[in-house]
Amino acid sequence: MTFDPRLIEIAEPELQFAFSQAMAHPKDGLSLYGPLRGPLTGGRLRIGVIATARGRRLYGKLSERLGKPIAPAKENDPNHTIFPGFQAIFGVEWPLQPAAYIEVDPADLDAAISMSDRHQAIHNAVSLYSDAIAEHLRDDAEAHIDLWMAIVPEDVYKYCRPQSKSKKGGAGVVAPVALMDKKQATRLLTNEPGLFEEDAQSAEIYLYELDFHNQLKARLLEHKASVQVLRETTLAPEEFPNALGKPLRALQDSATLAWNLATTCYFKAGGKPWQLANVRPGVCYVGVVFKQDASNPVPGMVCCGAQMFLESGDGVVFKGTPGRFKSDKEDDFHLPEDKAKALMSMVVEAYRKGHGGAAPKELFIHGKTRFSKDEWEGFRATVPPETNVVCVRIREDSGVKLYRHGTSAIARGMAWVKSETRGYLWTKGYVPRLQTYAGREVPSPLTIEIARGYADIEQVMADVLGLTKLNYNACIYGDGVPVTLRFADSVGEILTAAPRKNELPPLPFRYYI
């Protein structure tokens with residue numbers, strides 16, 4: 001049986017907003033109809049702020065801006081849309097005064113990040129934020145906070161990331177002496193346990209990731225605290241000029257920045273800005289992620305996680321049991337059958353709980369590598385025979401280019417169906433609504449390959465294109481990668497950013513981005 005390759009155009013998926021109205025661009029839908037649903041329609045978000053005194057003042061300036069319309073950077077330009085104001089868009093008020101405020105002493109923060117031992121420096125800096133939020137949640141359990149705004153000085157961004165060097169403390173700042181190095185800590189935790197509990201606690205610091213953002217989110221997962229980390233320079237760039245008198249950082253224009261920040265904050269506070277319209281009922285999408293687990297004292301361990309996304313756009317993250325899953329190829333990981341079954345069992349169980357005990361009709365599992373036979377057998381064992389399980393490998397392919405006559409790039413949504421199980425999908429390209437292609441190079445496609453199972457390749461590619469519109473971390477027309485894989489690396493980093501004594505329960509996706 002022969003197959004004739006063909007070039008097709010997949011229609012731009014529409015999004016559903018309030019009143020069951022559908023639009024292709026999230027800014028159009030939110031402006032005209034409002035969000036799909038929210039936690040406090042007609043009320044006020046309960047925002048918690050943790051910052052220095054300067055950060056608290058800058059939060060006030062941000063709140064004032066979000067409450068008012070912001071003109072687009074360019075009039076009559078389809079790439080720029082007026083920001084009507086937070087309440088005008090989402091139907092809920094963004095408060096000028098936070099429901100809770102925790103002040104961070106800048107001297108304590110400076111002393112922490114000035115430590116020569118980077119593990120201690122970043123851990124102590126994070127502790128000033130995470131411990132204070134955790135204490136507030138314990139002491140004021142009835143005062144629910146929808147979203148915590150962790151506002152950090154620029155020094156935190158500069159000195160509390162991987163590969164960053166220590167800061168030389170200012171006058172009067174004395175950096176504490178390093179407790180030990182990472183080799184000593186690993187040996188203490190694995191081969192040579194200490195006599196004192198304090199030794200183990202000190203050594204455990206070296207299992208945390210050297211990244212303020214990821215470590216903060218990871219340490220607050222057990223408290224189910226949703227956090228938005230913001231740099232002070234983002235809130236008021238005009239207050240941080242460089243030597244030429246211009247803003248220290250080149251940010252998006254004010255209206256675009258407000259759209260993106262407002263959307264992600266609304267989502268993290270428990271709202272649903274939009275979902276895909278006209279989605280098949282009973283479909284479930286899962287993205288599988290692997291990450292080297294530096295938070296595990298046993299060398300060579302790998303963490304496996306899964307991100308489940310339903311037809312409604314709701315997402316949940318699951319953490320599987322760590323193990324040594326690496327194959328012969330570099331950065332190529334595969335689960336044994338029992339681990340694959342255990343991981344997907346958590347996903348299917350969560351799906352059943354939300355659907356009256358029914359299993360999904362279609363289960364699409366997305367990954368960056370080909371799926372092994374053991375993984376396939378483990379995945380299939382978790383669902384009844386009538387559920388169609390399909391494993392899909394998705395990768396960007398910069399070696400394939402497609403050109404069109406004229407000066408415009410190929411349109412987003414074009415697809416080259418190469419065979420019954422393989423094709424190329426252009427998720428980036430010219431967009432008529434925007435009248436442009438938001439890129440500088442010839443767009444590259446995603447390689448879509450049905451690695452296991454059976455499905456219509458055109459339907460699989462249409463689903464992938466739809467999933468590129470569920471990035472709630474911004475308010476954009478479409479992303480280049482489906483949400484099942486878009487945040488795979490960042491979710492994996494947060495899953496492994498801190499050691500855990502207890503199993504991490506499945507948590508909504510909003511806690512990880």
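Visitor: Over how many bridges do strand E10 and E11 pair?
Guide: Bear in mind that this is a predicted model, with residues numbered from 1 along each chain as its sequence is written, and local features need pLDDT of at least 70. Side-chain atom pairs count only at pLDDT 80 or more, while totals for chains, interfaces and linings use all residues, and side-chain values use heavy atoms, leaving out hydrogens and water. Strands are DSSP runs of at least two residues, helices (H or I) runs of at least four, numbered from the N terminus, and two strands pair if DSSP finds at least two bridges between them. E10 (residues 302-310) and E11 run antiparallel, and their bridges number 5.

Visitor: Which residue in the turn of the E10 and E11 hairpin has a positive phi?
Guide: The hairpin leaves 4 residues between E10 and E11. With a phi of about 95°, the one to look for is Gly-313.

Visitor: Which residue of E17 is the bridge partner of Val-316?
Guide: E11 also pairs with strand E17 (residues 507-508), antiparallel and over 2 bridges. In E17, its partner is Pro-508.

Visitor: How many of the residues of E11 are buried?
Guide: Buried means under 20% relative accessible area, exposed over 50%, and partly exposed in between (1.4 Å probe, protein chains only). E11 (residues 315-319) is mostly covered, with a buried count of 4 of 5.

Visitor: Are H5 and H9 roughly parallel or oblique to each other?
Guide: The axes of H5 (residues 118-139) and H9 (residues 212-220) come within 9 Å and cross at roughly 40°. Among the residues making the contact are Ile-122 and Tyr-129 of H5, and Phe-212 and Leu-216 of H9. Angles under 35 degrees count as roughly parallel, over 145 as roughly antiparallel, 65 to 115 as roughly perpendicular and the rest as oblique. H5 and H9 are therefore oblique.

Key. Axes are lines fitted to C-alpha atoms, for helices over the stretch in contact, and angles run from 0 to 180 degrees between N-to-C directions. Contact means heavy atoms within 4.5 Å.
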